[in-house]
Amino acid sequence: MISKQHGILLITIVLLFLTACTTDGESKVENKEKKRDELVLSIKGEPSNGFDPTTGWGRYGSPLFQSTLFKRDNDLNIVNDLAIGYEVSEDGKVWTVTLREDVTFSDGVNLTGEDVEFTFETALQKGSIVDFTNLEKVEVENSFTVKFTLKSPQSTFIHSLVETGIVPMHAYSDKYAQQPIGSGPYEFVQWDKGQQLIVKANPNYYGDKPYFQQLTFLFLNEDATFAAAQAGQVDIAAIPATFTHKEVKGMRLEAIRSVDSRGIAFPYVESGNFTEDGLPIGNDVTADPAIRKAMNIAIDRQALIDGVLDGYGSKAYTSVDGLPWWNEETVFEDSNLLQAEQILADAGWIDSDDDGVVEKNGLKAQFSLYYPADDAIRQSLSIVVADMLKPLGIAINVEGASWDKIEQKMYSNAVMMGWGSHNPQELYNVYSSNFAGIEYYNTGFYKNDVVDDYLEKALTSNDVEEALSYWRKAQWDGTTGISADTPWAWLVNIDHVYLIKEGLDIGNQRVQPHGHGWPLTSNIEQWKWVKEE
């Protein structure tokens with residue numbers, strides 16, 4: 001972490017750089033009229049791999065440069081964007097999408113079905129972060145009608161069409177991620193890696209025209225971002241909750257609700273097995289359901305919100321709290337040490353040698369909890385949770401590490417993870433036994449045949465309401481479910497906190513997914529000044 005003085009020096013250098021560079025290469029001329037339709041933002045989220053949707057750019061928010069077949073409104077309803085409608089075959093395998101015919105890329109070339117076909121075929125070849133493994137083929141029926149054929153029915157496929165920006169076949173190359181062209185509300189101007197991104201309004205954009213003609217995204221760390229806000233050099237600044245006690249003249253604080261969840265993923269099975277790569281699977285302590293249930297009930301989530309998040313958050317019971325596929329019956333009363341102690345005692349966990357740690361059949365209730373060492377919030381959550389559970393007789397060894405090391409440990413140790421998506425597919429990936437041991441998804445090797453069945457039915461349903469019903473039953477059906485098995489201890493949903501210049505209206509912000517930054521710009525066309533500066 002750099003000092004505030006160094007932060008101010010850094011933003012001064014960056015802003016001097018900005019002053020020297022403009023879109024046309026001429027010296028920047030300061031005048032009030034030009035300044036009013038330009039914004040400077042420091043909201044995190046510089047993509048290390050650039051701005052190519054076929055590898056995952058735009059998955060968690062507006063792709064900005066590109067537009068998508070469908071998009072979400074502020075209530076998370078899925079509405080048309082490039083598409084004017086779609087039909088699904090009776091067997092749920094064929095999705096036919098009809099495109100509007102008046103769209104051009106920012107270079108003036110028409111957007112057609114060939115571009116859509118090219119985009120998804122490229123995503124398939126490149127292994128996009130958006131999962132297309134169920135996509136068998138894409139075909140152009142005519143210039144403005146595209147047919148997607150799936151290997152099996154998939155109710156969440158519509159979300160894949162929301163999360164993938166369309167790239168131009170005629171202008172795509174290996175350099176595309178560094179210099180993207182699209183049909184979105186803004187077009188690319190300049191990216192100085194590690195420093196800034198400059199974009200300007202796309203005059204060819206078919207949707208509502210944004211008021212702001214130029215946006216400059218600064219890639220500063222938290223200290224430098226706050227210093228820039230104090231110096232009046234940015235219009236929007238993403239800040240951690242720990243900075244919210246300091247008032248910044250000329251800026252207001254806005255906390256946006258999210259499903260950006262943090263929770264502990266437990267090894268769900270006993271030790272003794274290994275992955276194909278030889279990594280150990282399972283943990284004999286966390287495999288005991290009494291241990292997991294006692295911890296879930298004993299943790300004081302409101303104390304975590306008040307103490308770690310400075311009040312900017314909400315209790316988490318699942319990774320989908322408040323979303324349309326959430327089951328409200330997963331909510332339970334927490335911070336109940338007495339009930340937790342009883343659960344442990346009933347299961348045979350007793351501190352027989354009076355060392356403060358309960359044991360069962362000679363096994364001490366102790367294990368390691370890993371968190372990424374560069375994440376201050378996950379570190380604080382891990383330490384505080386460990387302290388909370390000491391009175392229960394559960395000893396947690398908190399360890400910060402790189403993700404490379406965590407990847408070696410995460411199948412046999414608890415990990416402070418984070419999830420949160422507008423796509424129910426994530427619920428499937430995190431809990432289905434089909435994803436056990438795959439990347440960061442089901443690291444605990446959780447498996448419940450009834451839950452698997454519900455998840456499969458939700459995924460393959462042709463009926464939206466029926467799919468929602470199965471997603472909810474997977475969480476709790478009155479008898480069993482994820483919430484009863486407690487493969488996780490979900491803790492908090494983190495509010496995304498921003499300093500915003502007085503008079504700047506950023507519209508009605510939707511509940512944001514995992515990660516600060518780009519989701520804020522999903523409604524960029526609605527942003528405007530509401531009073532004189």
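Arginine 301 and aspartate 334 join their side chains in a salt bridge, with 3.3 Å from N to O. Here a salt bridge is a side-chain nitrogen of Lys or Arg within 4 Å of a carboxyl oxygen of Asp or Glu. The pair ties together distant parts of the chain, 33 residues apart: arginine 301 belongs to helix 7 (residues 301-307), and aspartate 334 to the loop between strand 16 and helix 8. Both arginine 301 and aspartate 334 are buried, where buried stands for under 20% relative accessible area, exposed for over 50%, and partly exposed for what lies in between (1.4 Å probe, protein chains only). Helices (H or I, at least four residues) and strands (E, at least two) are DSSP runs, numbered from the N terminus.

A word on the model before we go on. This is a predicted model, in which local features need pLDDT of at least 70 and side-chain atom pairs count only at pLDDT 80 or more, while totals for chains, interfaces and linings use all residues. Residues are numbered from 1 along each chain as its sequence is written, and side-chain values use heavy atoms, with hydrogens and water left out.

**Salt bridges**

Side chains of opposite charge can pair when their charged atoms come close. By the rule above, the count comes to 22 salt bridges. Three of them are set out here.

| Pair | N to O distance |
|---|---|
| Arginine 301 and aspartate 334 | 3.3 Å |
| Lysine 364 and glutamate 359 | 3.1 Å |
| Aspartate 453 and lysine 457 | 3.2 Å |

In the second pair, lysine 364 is partly exposed at 21% relative accessibility, whereas glutamate 359 is buried at 9%. Aspartate 453 and lysine 457 sit 4 residues apart in helix 12 (residues 449-460), about one turn of the helix. Aspartate 453 is partly exposed at 36%, and lysine 457 is partly exposed at 34%. Elsewhere, Lys137, Glu139, Glu141 and Lys147 form a network of salt bridges.

The chain splits into domain 1 (36-256 + 496-532) and domain 2 (261-493), with bounds that come from an automatic or database domain assignment. Their contact (heavy atoms within 4.5 Å) draws 27 residues from domain 1 and 24 residues from domain 2. The C-alpha centres of the two domains are 31 Å apart.

How much area do domain 1 and domain 2 bury between them? The figure is about 1,800 Å², 53% of it on carbon and sulfur atoms; buried area is the accessible area (1.4 Å probe) that two parts lose on being put together, summed over both. Ser155, Thr156 and His514 supply 26% of the area that domain 1 buries against domain 2, more than any other three residues.

Helix 6 (residues 289-298) is largely enclosed by the rest of the structure, because 8 of its 10 residues are buried. Among the buried residues are Ile291, Arg292, Met295 and Ile297. At the start of helix 6, a side-chain oxygen of aspartate 288 comes to within 2.8 Å of the backbone nitrogen of alanine 290.

Serine 106 lies in the loop between strand 5 (94-99) and helix 3 (113-126), and is buried at 17% relative accessibility. Leaving aside residues up to four places away in sequence, serine 106 touches Ile181, Gly182, Glu187, Asn202 and Asn204.

Glycine 322 is in the loop between strand 16 (313-315) and helix 8 (337-346), and is partly exposed at 49%.

Technical notes
A polar contact is a pair of N or O atoms within 3.5 Å; within protein, one must be able to donate a hydrogen and the other to accept it, and residues adjacent in sequence count only if both atoms are side-chain atoms.
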